[in-house]
Amino acid sequence: MYERYPGQNPGQDMGDMSGRGGDCPDDYPGGSGQSSGSQNRRGRSAAATTGWAAAGRPISLGDTTRRAASVNCGLHGESPAMKIADLKIHILQSPLAQPFAFSQGWVGRRSATLLEMVTDDGTVGWGEAFAQGLEPPQIAAAAIEHALKPVIMGANPLDIEVLWHRMYHATRDYGRKGSVVAAMSAVDIALWDIAGKAYGKPVHQLLGGAFRDRVQCYATGFYRISGHGEAARLGEEALAHYEAGFRAMKVKLGYGVRDDMQVMNEVRRALGAREVQLMVDTNHGYGVAEALQLGRDLEQYDLRWYEEPVAPEDYAGYREMREKLSMPIAGGENEHTLFGFRELIGQRCVDVAQPDLGSVGGITACRHVVTLAHAHGVQVNPHVWGSAIAQAASLQMIAAVPVAHHNVFPQQPIFEYDRSSHPFRQHLVQQPLEQRDGWLEIPTRPGLGVEVDRTVLERYRM
Ligand SMILES: [Mg+2]
């Protein structure tokens, strides 16, 4: 079974929780209550909801949300619905034995902003806010504690779409991008974990089902230790990824076009005739002129994609890349929500959109982006660079992402498998990712399908 918060009993009185924060739209500060009124008149029962899901019948999230909302407002004498009772933030950090660089700076430690959401019946859901190597994990933690917690405490965690909009509206004037949306992402992922546990289904089932039961992985690595002149070592690294089973790899570039090409030439030479799909990622290390120069030099390598060639806000630069280069252009790990991706996709900047679940606004926002992308013929391939919780959420999401261009042999999304050093990623959960021959099975356990090892939380707590 899934995890329950220690000492929490089903139906436990939540004390000062009652009436605070609002468990139906009527109670939400500023809420009109109009929609909840019509929902109330549907008159579904909590028991009916539970039984319906437990019976394994197809789940429409919109429908379940309405059912949950109807129960939540306490009409018709039903038993109370599940409520969010507590949010616990765990900031983990560990120094790296060997610091490494990507084009934007040196990474000396790995961090994680984890969220543990506890409901009044003791169900625990886990979420994670993206914390790349240079991003202080305390920012998203503060946003959860001070901005988001007050507006979702006491709410029904099954009202996922409603709560996403409630959080977005509450933070719009100072949020919309960056760590505030990463904080929303952590909350949203935890809500989906709880929903999966409540219905006894993996998250991908709640998203409409899995298009695939396994996904190919690509190795992300090739970070720099000294900076320049590491082509020979990175060629050896490519062989190590191949020997570990990977048939797709992403090479980090952005350290100067000349050095970049030395690395790419050596990686390709080291791999020889081995069949490996290559991608490159400059982490927006260049302006248009250098990005184009690198792109033209790279055209000989038949890349699957060229990632973040220019700054995330340089939409015109992205368009120029797409118009002048032959390889697909990818980007989006530093873009946020449907509104941000409206520009990236609507302005035809990318062939491959790469929302990061811990940064885009969670699973809910990624689902919005998938819909937008497919209306524009753009493939969604989530970016993944977090701990085991972000990995688990990403794996559930990628199972539910349709291909952008159907044919009998369509190009499927592939899973970013970070091979760089991370002291606690594998130990954090009881079910760490273990690729086999370069592939991962999609877990079918309820929710995200992971149980957190609390001793690891304590060992790496900041
Ligand atoms: Mg990237």
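Arginine 348 is partly exposed, since 16 other C-beta atoms lie within 10 Å; a residue counts as buried with 20 or more such atoms within 10 Å of its own C-beta, as exposed with 12 or fewer, and as partly exposed in between, with C-beta atoms placed from the backbone. The structure is a predicted model, in which local features need pLDDT of at least 70, side-chain atom pairs count only at pLDDT 80 or more, and totals for chains, interfaces and linings use all residues. Residues are numbered from 1 along each chain as its sequence is written.

Arginine 348 sits in the loop between helix 12 (337-346) and strand 9 (352-353). Helices (H or I, at least four residues) and strands (E, at least two) are DSSP runs, numbered from the N terminus. Arginine 176 belongs to the loop between helix 5 (160-171) and helix 6, and is partly exposed, with 15 C-beta neighbours inside 10 Å. Neither residue is a glycine, yet each has a positive phi.

| Residue | Phi |
|---|---|
| Arginine 176 | about 75 degrees |
| Arginine 348 | near 55 degrees |

Glutamine 132 is buried, with 22 other C-beta atoms within 10 Å. Its loop runs between strand 3 (124-129) and helix 4 (137-152).

Helix 6 (residues 178-199) packs against helix 14 (residues 362-375) at an angle of about 95 degrees, with the axes 5 Å apart. Axes are lines fitted to C-alpha atoms, for helices over the stretch in contact, and angles run from 0 to 180 degrees between N-to-C directions.
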